[in-house]
Amino acid sequence: MDQSVAIQETLAEDEKCVVAVQCLVLVSNTTESRLLGLVEHTNEHALFLFAHRRMAITGEDVTLDGIIPIWNHSHLGFGLRRLEGFLYEKRSVNSERRPVGDCKKSSSDAPEDAQSVPRCQERNDQIRSFSHTLSNKAQMLSMPQFGLRDNLVRCELLKKEDSYTYLKDFRFFLGTYNVNGQTPKDSLHPWLASTTDPPDLYCVGFQELDLSKEAFIFNDTPKEAEWIKAVSESLHPSAKYAFVKHVRLVGIMLLCYVKKEHAEHVSEVEAETVGTGIMGRMGNKGGVAIRFHFHNSDICVVNSHLAAHVEEYERRNQDYRDICARIQFRQQDPTLPPLTIMKHNIVLWLGDLNYRISDLDVDQVKDLIAKKDFEMLHSCDQLKRQMEEDAVFVGFTEGDIEFQPTYKYDTGSDQWDTSEKCRVPAWCDRILWRGKNIQQLHYTSHMNLKTSDHKPVSSLLEIGIKVVNEEAYKRTFEEIVRSLDKMENECIPSVSLSRREFHFKDVKFMQHQAETLTLHNDGQVPCQFEFIEKLDEPAYCKPWLTANPPKGFLAQGARVDIDLEVFVNRLTAPELNLGQQHVEDILVLHLDRGKDYFISISGNYLPSCYATSLQTLCHMREPVQELPIEMIHKLAIELNGESDCQMPEKPLDIPKEIWMMVDHLYRNASKQEDLFQQPGLRSEFEEIRDCLDTGTPDSLPGSNHSVAEALLLFLDALPEPVVPFSFYQQCLECCSNYGQCKKVISMLPQCHKNVFNYLTAFLRELLKNSSHNHLDINILATIFASLMLRSPKKQDLSEKRKTQEFYQHFLTT
């Protein structure tokens with residue numbers, strides 16, 4: 001065959017030898033083919049792996065990718081397993097994930113500056129060496145080129161996992177420390193090396209790494225490098241550790257290390273972040289997470305900093321739910337749905353959770369601490385109460401607390417807070433876990449570290465990790481393959497659907513609705529299902545709709561629930577508000593080698609002032625839901641100049657909805673601390689939105705923080721921002737000249753100019769009360785410039801600085 005000729009030419013040129021070649025096409029597509037050659041030379045054999053990007057005719061057309069020696073026929077199976085490993089290695093090289101690398105405990109291994117990647121993050125070649133484990137085999141089988149048969153193998157392997165794995169105990173050191181914006185003044189050795197024996201893995205979390213405005217605005221801080229260096233120099237001195245991964249969101253950082261001898265068993269390392277601050281985006285509060293595969297167990301480590309203040313326990317609960325819902329890790333197979341936190345065998349959660357002690361005043365709390373009556377004190381702990389009510393951390397465990405509260409101390413001392421606020425002591429800093437075969441060996445605070453107003457906390461967990469028995473795995477794998485070889489796929493796959501029509505009633509802006517579609521495999525064979533695109537459509541569904549999971553595998557007789565979720569955001573709402581789009585779609589559910597099923601989606605959308613243009617709102621004197629959708633659509637056409645009709649009456653100077661929110665804040669929140677920085681409650685936002693859209697009740701419900709966030713969300717959802725996109729570039733060009741900035745604003749359409757001036761005047765009034773609300777020009781310019789001067793494209797750091805400079809002129813003048 002042509003390939004054999006080409007391979008022989010290649011070997012003759014490179015090896016100067018005579019060979020016998022048998023060739024097999026492994027993988028072929030339109031751009032590249034992979035070839036496997038069994039090569040014989042003087043009674044020696046080897047597997048040669050080749051690649052070529054066109055029909056291989058001559059030796060120049062073929063590239064040699066690797067050689068796997070086979071000493072005799074008994075080694076052929078070994079060679080084929082090595083080939084599996086090689087194929088996996090080739091795929092892994094192109095992935096963006098960073099593996100584990102060596103981390104020697106010396107200052108030279110720390111990053112040189114905040115932008116540098118730590119040297120200890122460089123990869124160790126061992127980490128990608130192939131081992132014949134469930135993890136790596138499952139990764140191979142999940143690749144797009146593998147089909148139903150390999151999904152069956154993977155499914156059977158998972159079912160029989162107990163037959164080829166055993167539990168082995170490893171010790172995990174978990175640590176959390178809110179450093180209050182400080183730099184590491186003392187060694188962290190008393191905290192990180194406090195165990196008698198060196199742990200197998202370290203998971204170390206920090207909060208409030210940097211409290212400066214620059215870190216908050218630009219997510220950049222030199223303190224990252226300083227704390228990484230401090231940690232790497234303070235790990236247990238009796239072992240050498242490899243650096244797994246680090247991730248940071250503003251001041252929330254998580255570091256993971258593993259004993260060097262375990263590094264080769266760590267794979268699939270991923271990191272994600274989610275901000276839960278104002279508008280659900282700002283990173284002053286939120287969570288970061290690292291997930292990885294250790295031996296044959298999936299582990300996810302989360303570090304979070306939840307909402308502050310005693311009364312905000314509901315907000316903390318919501319932050320927890322947001323982190324769980326929004327942190328999603330990509331899988332190696334991009335066609336598979338992402339992994340959420342709770343999809344892992346083991347979840348380790350640490351951080352400044354900020355739950356406080358309720359129903360006791362400061363003197364009562366201190367009295368119980370002096371008596372070491374931690375059991376009585378713990379009974380008043382908000383986190384304990386919320387967990388008992390299943391409101392938060394369902395399925396998690398926390399060990400007994402036998403140490404005094406870790407917050408709040410005078411910095412540099414062991415003295416309780418003596419400031420004017422005199423905070424009530426609390427166990428803000430916590431460590432919890434979720435999973436089987438976990439035993440806590442210690443849970444304590446470290447009082448001798450006095451850098452911060454918090455004390456660091458540590459927990460040592462002994463965790464039973466699933467480890468693969470290679471011989472047992474090989475036997476199980478071969479048994480499954482043999483059984484599948486006997487299986488005849490003569491039957492057409494079939495499923496039954498619980499429903500074919502779904503109606504979503506009263507869909508509202510930013511209000512989630514979900515219905516469940518249940519599939520039951522009632523056929524004679526397993527099947528793969530997937531929602532597929534319809535003709536000339538870019539996705540399988542409209543952008544306001546998702547199906548989770550969108551594809552999957554069903555064993556014979558199995559069922560799966562698919563969540564059909566509707567969520568209208570600022571991108572999809574404008575056309576729905578105007579009646580240009582409707583809540584209508586048809587989903588096509590396709591069975592591999594089977595038929596298609598059609599699922600009807602319908603609903604009625606309630607128009608909202610959110611994501612409606614300023615011009616349209618200024619011409620609407622009634623609440624938006626009191627107007628027929630046809631009238632709103634007609635009004636938009638007239639405003640766009642597509643109709644010769646004259647406007648019936650003079651428009652409002654500014655939308656009444658903006659006036660209602662600003663007026664509420666002006667009257668009730670001028671001295672509100674953390675305004676526009678602390679999020680409100682989602683349930684209160686929904687009440688505020690309904691009030692604006694229906695005109696009832698007369699006064700806005702909810703807290704000041706919820707109204708403030710509702711205003712920011714309103715500005716963010718405008719189809720055309722307060723400063724229209726067409727003026728954006730001019731604003732950047734004149735950002736350093738106030739006169740030119742003012743001239744640009746004078747040229748805005750009248751309603752846009754009115755809103756700009758109205759909001760700016762309100763913010764200047766807030767600044768007059770800065771001694772109470774702690775707002776300053778930088779904070780307000782940071783928040784509002786990004787909303788009023790939105791970029792038509794993705795905004796880079798330089799543009800962000802220029803928009804802030806532009807808007808600062810108006811707050812100072």
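A salt bridge is a side-chain nitrogen of Lys or Arg within 4 Å of a carboxyl oxygen of Asp or Glu. Keep that in mind for the close-ups below, which come from a predicted model.

**Figure 1. K371 and D367 form a salt bridge.** The closest N and O atoms of this pair are 3.2 Å apart. How accessible are the two partners? K371 is exposed, with a relative accessible area of 56%, while D367 counts as partly exposed at 37% relative accessibility. This is a pair to start with before looking at the rest of the chain, where the structure holds 31 salt bridges.

**Figure 2. E161 meets K466 in a salt bridge.** Here, too, the closest N and O atoms lie 3.2 Å apart. E161 sits in the loop between α4 (148–159) and β6 (165–178), and K466 belongs to strand β18 (residues 457–468), so the pair ties together parts that are 305 residues apart in sequence. Are these residues buried or exposed? E161 is buried, and K466 is buried as well.

**Figure 3. E268, R291 and D298 are linked in a network.** Salt bridges connect these three residues.

**Figure 4. K285 is buried yet has no salt bridge.** Look for this lysine in the loop between β10 (266–275) and β11 (286–294).

**Figure 5. Strand β26 pairs with β22 and with β27.** On one hand, β22 (residues 527–532) and β26 (residues 584–591) pair in the antiparallel sense over 4 bridges, and I532 stands opposite V588 of β26. On the other, β26 and β27 (residues 596–605) pair in the antiparallel sense over 7 bridges, with L587 standing opposite I599 of β27. What do β26 and β27 form? They form a hairpin with 4 residues between the strands, and R593 in the turn has a positive phi of about 65 degrees. As a general point for reading views like this one, side chains in a regular strand alternate between the two faces of the sheet.

**Figure 6. K534 and D585 join in a salt bridge.** The N to O distance is 3.4 Å. The pair links distant parts of the chain, with K534 in the loop between β22 and β23 and D585 in strand β26, 51 residues apart. D585 counts as buried, at 7% relative accessibility.

**Figure 7. An open sheet is built from 4 strands.** Their order is β19-β21-β25-β23, and the pairing is antiparallel. Which strands stand at the edges? They are β19 (496–497) and β23 (545–548), each with a single partner strand, so one side of each is left without a neighbour in the sheet. Within the sheet, β21 (residues 513–520) and β25 (residues 559–566) pair over 8 bridges, and R559 in β25 is the bridge partner of H520.

**Figure 8. Helix α23 is largely enclosed by the rest of the structure.** This helix (residues 777–788) has 12 residues and reaches 15 Å from its first C-alpha to its last, close to the 16 Å expected at 1.5 Å a residue. How many of the residues of α23 are buried? The count is 9 of the 12, and among them are I779, L780, F784 and M788. At the N-terminal end, D776 caps the helix: one of its side-chain oxygens lies 3.1 Å from the backbone nitrogen of N778.

**Figure 9. Cis peptide bonds join Y407 to K408 and N548 to P549.** For Y407 and K408, omega is about 5 degrees, and K408 is found in the loop between α11 (382–388) and β16 (429–434). For N548 and P549, omega is also about 5 degrees, and P549 lies in the loop between β23 and β24 (551–554).

**Figure 10. N437 and A611 have positive phi values.** Phi of N437 is near 60 degrees; this residue lies in the loop between β16 and β17 (438–445) and counts as partly exposed, at 45% relative accessibility. A611 has a phi of about 70 degrees although it is not a glycine. The place of A611 is the loop between β27 and α14 (614–618), where A611 counts as buried at 3% relative accessibility.

Notes. Residues numbered from 1 in each chain as written. Predicted model: local features only at pLDDT ≥ 70, side-chain atom pairs only at ≥ 80, totals over all residues. Heavy atoms only, no water. Pairing = 2+ DSSP bridges. Helix = DSSP H or I, 4+ residues; strand = E, 2+ residues; numbered from the N terminus. Expected span 1.5 Å × (residues − 1). Buried < 20%, exposed > 50% of the residue type's maximum accessible area, 1.4 Å probe, protein only. Polar contact = N/O pair within 3.5 Å; in protein donor to acceptor, adjacent residues only side chain to side chain. Lys, Arg positive; Asp, Glu negative; His and termini not counted.
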